[in-house]
Amino acid sequence: MARPVTLFTGQWADLPLAELAPLAKTMGYDGLELACWGDHFNVQEALASATYVKDKHALLASHGLQCLAIGNHLVGQAVCDLIDERHQSILPAHVWGDGEPEGVRQRAAAELQDTARAAKKFGVKTVTGFTGSSIWHSIYAFPPTSQAYWDKGFADFGARFTPILDVFDQVDVNFALEVHPTEIAFDIATSERALAAINQHRRFGFNFDPSHLAYQGVDYIRFIRSFGPRIFNAHMKDAWWGKGDGSVGTFGGHTSFGDARRTWDFRSVGRGMIDFESIIVALNDVGYQGPLSVEWEDSRMDRVHGATESAAFCKRLDFKPAAGAFDAVFAKDQQAP
């Protein structure tokens, strides 16, 4: 059968899971990629309670839903970032603490390690997320920026994430970075450099998401073929580019998503410019068998309408890989007698 189509719940955290689960089923989803915020999945409660994960599974099962990954992007962002006041609004209080930057980074790292342990207890093999980056602010390379400066950023990532990934290894869970601007990896070149920084750690892979690559001009099909065995999760998310009124370019002009001046923006799946047909073919070619997880974002559209049509789009597009060569039966010994 084709892959399960799931919904990433991060953008739905205003709804209690007890309300979102039946809605997701109605919209056509087979499961949920639970975000570790709102009441969708609480890492510390999962670890402390004897009944928490059982109750979550029971809630999902009562609506015919499964969970194949959990996402802790918000905490992951704080592990390598240069911490400022924006992080306080997205971090749990026990991770933010007194807000002292290095303390925040260390507590975020500890929380991500606990996320691996909670995923193990919950019975899922993949944690999706972010890493943050201590060098994102230098993206434009001015003042003039040396490779040695950027090397220090990757070294910082390696030092902070290797102990995290070791815990993931201990509990047999994978970490899937969503390659994305503001992270240590935001294209193919930086993904290769990130892997080198953690010595190709076997628990580090990717949450493939074409929407963050296409408008940059990165070949997202090449990404799949470059990192096939390390793609642990796949987000189905659309974008368009080359739009707007010419006043705002790729850097966004400090405008908000949905501003009509923007040259690029996120769109409901199937409404943008991503070539999902080629993505399905490439995912099949590299043997990816995980879920197609819709991360729904479109500032111009009602989300229930958009998420419903996105689930239907993915199910219509996906197909089971071929069991063999179509011309194998030309040989007489392969033909029915």
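This is a predicted model: local features need pLDDT of at least 70, side-chain atom pairs count only at pLDDT 80 or more; totals for chains, interfaces and linings use all residues.
Strand 2 (residues 31-35) and strand 3 (residues 70-71) pair in the parallel sense over 2 bridges, where two strands count as paired if DSSP finds at least two bridges between them. Leucine 34 has isoleucine 70 as its bridge partner in strand 3. Residues are numbered from 1 along each chain as its sequence is written, and side-chain values use heavy atoms, with hydrogens and water left out. Helices (H or I, at least four residues) and strands (E, at least two) are DSSP runs, numbered from the N terminus.

**Strands 4 and 5**

- Strands of a sheet pair through backbone hydrogen bonds, either parallel or antiparallel.
- Strand 4 and strand 5 are paired in the parallel sense over 4 bridges.
- Across this pairing, valine 127 stands opposite phenylalanine 175 in strand 5.
- In a regular strand the side chains alternate between the two faces of the sheet.
- Asn174 and Ala176 point one way from strand 5, whereas Phe175 and Leu177 point the other way, and all are buried; buried means under 20% relative accessible area, exposed over 50%, and partly exposed in between (1.4 Å probe, protein chains only).

**Helices on the sheet**

- Axes here are lines fitted to C-alpha atoms, for helices over the stretch in contact, and angles run from 0 to 180 degrees between N-to-C directions. Contact means heavy atoms within 4.5 Å.

**Helix 7 and its partners**

- Two packed helices are described by the angle between their axes and the distance between the axes.
- The axes of helix 4 (residues 73-80) and helix 7 come within 7 Å and cross at roughly 135°. Helix 4 is therefore oblique to helix 7; angles under 35 degrees count as roughly parallel, over 145 as roughly antiparallel, 65 to 115 as roughly perpendicular and the rest as oblique.
- The crossing of helix 4 and helix 7 is left-handed. A crossing is left-handed if the near helix is turned anticlockwise from the far one by less than a right angle, and right-handed if clockwise.
- Helix 4 contributes Val75, Gly76, Ala78, Val79 and Cys80 to this contact, and helix 7 contributes Val104, Arg105, Ala108, Ala109, Glu111 and Leu112.
- The residues of the contact between helix 4 and helix 7 comprise 8 nonpolar, 1 polar and 2 charged. Ala, Val, Leu, Ile, Met, Phe, Trp, Tyr, Cys and Pro count as nonpolar, Asp, Glu, Lys and Arg as charged, and the others, Gly among them, as polar.
- Helix 7 and helix 8 pack at an angle of about 20°, with their axes 8 Å apart. Helix 7 is therefore roughly parallel to helix 8, and passes helix 8 in a right-handed crossing.
- The residues of the contact of helix 7 with helix 8 divide into 8 nonpolar, 1 polar and 4 charged.
- Glutamine 113 lies in helix 7 (residues 101-122) and counts as buried because its relative accessibility is 18%. Not counting residues up to four places away in sequence, glutamine 113 touches Pro163, Ile164 and Val167.

**Loop residues**

- Glycine 38, in the loop between strand 2 and helix 2 (43-48), is exposed, with a relative accessible area of 52%.
- The peptide bond from phenylalanine 142 to proline 143 is cis, with omega near 0°. Proline 143 is found in the loop between strand 4 (126-129) and helix 8 (147-170).
- Threonine 182 has phi near 90°, a positive value in a residue other than glycine. Threonine 182 lies in the loop between strand 5 (174-177) and helix 9 (188-197), and is partly exposed at 28% relative accessibility.
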